[in-house]
Amino acid sequence: MSTFRVTFAGGAQMPTGSNFLIEFGGKKVLIDCGLVQGEKWSVPINREPFTYDPASIDYLFITHAHLDHVGRIPRLVRDGFKGVIVSTEPTRDMAELIMLDSMGLLGKEASQQGLEPLYEERDVFQAMHLWNTILTYQEPYIVTTDQGEAVITFYDAGHILGSAIIEIAYKGKKIAFTGDLGNTPSPLMRDTVTPSNLDYIVMESVYGDRNHKDKDKRIEIVKEVITSTITKGGTVLIPAFSIERTQEMLLAFNELVESKQIPEIPVYLDSPLGINITKIYKKHEKWLNNDVGNAIKSGDDVFAFKGLVQTLTPDESKAINNDTRPKVIIAGSGMSNGGRILHHEARYLSDPRSAIVIVGYQSVGTLGRKIVDEPKDVIIHGQVVPLRARVVNIHGFSAHKDSDHLVSFLEPTATTLKKVFVVLGEPKSAYYLGQRIHETYGLPIAVPEKGDVVELE
Ligand SMILES: [Zn+2]
């Protein structure tokens, strides 16, 4: 009899759509229920029925609040899920905002295609009713099964606020799901913690085939882009994910402005979601690293500085158009596949004095991914926009571990591991990382496909 039975329901050979089913002692438990993202906010695969019966699931454990890990939760509830959802406190708070925000974009896409919405507001609220939180990392959460207790433990993944590696210990065996793993050391997060004595691990591989060579120089690069763009009288666009990247950019600008390394220019945070998520970062300061957490606790707003303008309403957003001064605009979405950034890209990408700084992972098919390749022109809202602005791609701001650090992450538990399952990456990335782990530790590796089922002893 196997101890665990794992079904790779999503996030297999792709970086988004995280969704794993694990069965033990008669319980059915999901890890994450994320949206698959691509050219559009939602790709058709998100409308396919779940490959398991949502009503039969007992628990849903969430690694972190990114859309590709939580975006299909309201759909799961709509389709009959009545179990318990468990995450850290910040994950719950941010997931609620993310699911509500995404609902607007999803609804717009669905109505354009004459489809029913993927979910509605009441599904989000129903999900929130089912939600339990753990108050600190490594606080055990007990699941009682027909054949004894399973202990679920959340370890700090160091990826975004409240992000966790989820470990399940049952009948003397341990398996962990990494979710996404942080780019430690991070200016905001604590370092990633590797659980010990694992038998199995299901690990991410977003940057499995690449290293962040420019991490040490990332602030220098931002400084150079800003000063040279100001000199030309241009605008710097920064498409940024609302969680983590936005706060990391604000922290960087806070330091650059307050130490007078860049002049005081208007820096627009044109993202209602980014503004609200920043409030949650301040509220849950104890989940941040000690430097930033203590600064916030003592009343220092590390995410604010002279020149910062936060634009909540559409009218405030439109008014940015009237500001002809050199400036910075930070807006979502982070992959330019929706959101306010598109309006600014339509206006400034054709301006040779301006610049766009890419600071995050760009999924295949998204406008952001296209811009990275610097084509002659791009299409925004159906219009051809010549690409004349400078394109600067900085990998070092990534919230993900690079290839070297993904390999070394396993080191503390490499001697007990029996098998490593590589997921949450494009196939090239996943296979490359698997090969490296195999060569480094001599461990058996699998790169599962969507729908694969494994029985683990
Ligand atoms: Zn993530």
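Reader: How are helix α3 and helix α4 oriented to each other, roughly parallel or roughly antiparallel?

Author: In this predicted model, helix α3 (residues 89-112) packs with helix α4 (residues 121-129) at an angle of about 170 degrees, and their axes are 10 Å apart. Angles over 145 degrees count as roughly antiparallel, and therefore the orientation of α3 and α4 is roughly antiparallel.

Reader: Which residues of α4 make the contact with α3?

Author: By class, the contact of α3 with α4 has five nonpolar, no polar and two charged residues. On the side of α3 it is made by E96, M99, L100 and M103, and on the side of α4 by E121, V124 and M128.

Reader: How do helix α6 and helix α7 lie, roughly parallel or roughly perpendicular?

Author: The axes of helix α6 (residues 245-258) and helix α7 (residues 272-283) come within 9 Å of each other, and they cross at roughly 80 degrees. Angles of 65 to 115 degrees count as roughly perpendicular, so the arrangement of α6 and α7 is roughly perpendicular.

Reader: How many polar residues has the contact of α6 with α7?

Author: In this contact T246, Q247 and L250 in α6 meet G274, I277, T278 and Y281 in α7. Sorted by class, the contact of α6 with α7 has no charged residues and three nonpolar ones, while the number of polar residues is four.

Reader: How many residues does domain 2 give to its contact with domain 1?

Author: The protein is divided into domain 1 (4-210 + 399-456) and domain 2 (215-397), and the C-alpha centres of domain 1 and domain 2 lie 28 Å apart. On the side of domain 1 that touches domain 2, the residues divide into 14 nonpolar, six polar and six charged. The contact takes 26 residues from domain 1, and from domain 2 it takes 23 residues.

Reader: What does F20 contact, leaving aside its neighbours within four places in sequence?

Author: F20 is one of the residues that touch the most other members of the largest nonpolar core. Leaving aside neighbours within four places in sequence, its contacts are V6, F8, A9, L30, I31, D32, F177 and V202.

Reader: Is F61 buried or exposed?

Author: F61 lies in strand β4 (residues 59-61), and, not counting residues up to four places away in sequence, F61 touches V29, I31, V86, I152 and I166. A residue with 20 or more C-beta neighbours within 10 Å counts as buried. Because F61 has 24 C-beta neighbours inside 10 Å, F61 counts as buried.

Reader: Where is S333, which a cis peptide bond joins to G332?

Author: The bond that joins G332 and S333 is cis, with omega about 5 degrees. The place of S333 is the loop between β15 (327-331) and α10 (341-348).

Reader: Does E374 count as buried or exposed?

Author: E374 has a positive phi of about 50 degrees although it is not a glycine, and E374 is placed in the loop between α11 (367-372) and β17 (377-380). Because E374 has 12 C-beta neighbours inside 10 Å, E374 counts as exposed.

Conventions: Residues are numbered from 1 along each chain as its sequence is written. This is a predicted model: local features need pLDDT of at least 70, side-chain atom pairs count only at pLDDT 80 or more; totals for chains, interfaces and linings use all residues. A nonpolar core is a set of buried Ala, Val, Leu, Ile, Met, Phe, Trp, Tyr and Cys residues joined through C-beta atoms within 7 Å. Two residues are in contact if their C-beta atoms, placed from the backbone, lie within 7 Å. Axes are lines fitted to C-alpha atoms, for helices over the stretch in contact, and angles run from 0 to 180 degrees between N-to-C directions. Helices (H or I, at least four residues) and strands (E, at least two) are DSSP runs, numbered from the N terminus. Angles under 35 degrees count as roughly parallel, over 145 as roughly antiparallel, 65 to 115 as roughly perpendicular and the rest as oblique. Ala, Val, Leu, Ile, Met, Phe, Trp, Tyr, Cys and Pro count as nonpolar, Asp, Glu, Lys and Arg as charged, and the others, Gly among them, as polar. Domain bounds come from an automatic or database domain assignment.
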